[in-house]
Amino acid sequence: VTIRNQGEASAPLSITRVAIDAGASFSRITPTLAPGSQADLAPIPLPSGEGTVVFTITADAPAAIREMNETNNSAIGVCVLVERHLQKTPKA
């Protein structure tokens with residue numbers, strides 16, 4: 001997850017939430033961000049198996065930071081999971 005400050009003022013330390021449509025939700029600390037800067041957050045665990053995972057990323061999830069534009073705090077994404085099967089090589 002990469003979070004970017006799209007505003008014209010610095011954004012203080014906050015919480016970003018990643019909610020997977022299957023029900024799991026993960027919170028990540030977002031560092032202070034200068035205008036136009038971005039931060040890569042700690043990875044989240046994905047479900048096992050194959051399929052399409054839809055998730056929503058919400059910056060400032062508890063809405064603790066007062067902003068001029070609150071409508072750009074969420075984004076929806078899709079991740080396609082493909083289970084990888086390793087084939088064992090027979091020993092000679």
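**Strands, a loop and a pocket**

Q: Which residue takes a positive phi in the hairpin of β2 and β3?

A: Gly23, with phi near 120°. That hairpin has four residues between the strands. Strands here are DSSP runs (E, at least two residues), numbered from the N terminus.

Q: Before we go on, what sort of model is this, and how are residues numbered?

A: It is a predicted model: local features need pLDDT of at least 70, side-chain atom pairs count only at pLDDT 80 or more, and totals for chains, interfaces and linings use all residues. Residues are numbered from 1 along each chain as its sequence is written, and side-chain values use heavy atoms, with hydrogens and water left out.

Q: OK, how many bridges are there between β2 and β3?

A: Six, in the antiparallel sense. β2 covers residues 14-20. Two strands pair if DSSP finds at least two bridges between them. One example: Val18 has Phe26 in β3 as its bridge partner.

Q: Which residues of β3 are on the covered face?

A: Phe26, Arg28 and Thr30. The uncovered face has Ser25, Ser27 and Ile29.

Q: What's the strand order in the open sheet?

A: β3-β2-β5-β6, with antiparallel pairing. The edge strands are β3 (25-30) and β6, and each pairs on one side only.

Q: How many bridges join β5 to β6?

A: Eight, and the two strands run antiparallel. Thr58 stands opposite Ser74 in β6.

Q: And what lies in the loop between β5 and β6?

A: Asp60 does; β5 is 51-58 and β6 is 74-81. Asp60 has a positive phi near 50°, and it is a residue other than glycine.

Q: Is Asp60 buried or exposed?

A: Buried, with a relative accessible area of 5%. Buried means under 20%, exposed over 50%, partly exposed in between (1.4 Å probe, protein chains only).

Q: New topic. How much space lies in the largest pocket?

A: About 620 Å³. A pocket is an open set of points on a 1 Å grid over the protein atoms alone, where a 1.4 Å probe fits, with protein on both sides within 12 Å along at least five of seven lines. The volume is the space filled by probe spheres set on the points, which are joined across faces, edges and corners.

Notes
1 Å grid on protein atoms, 1.4 Å probe; cavity = no way out; pocket = protein on both sides within 12 Å on 5 of 7 lines; lining within 4 Å.
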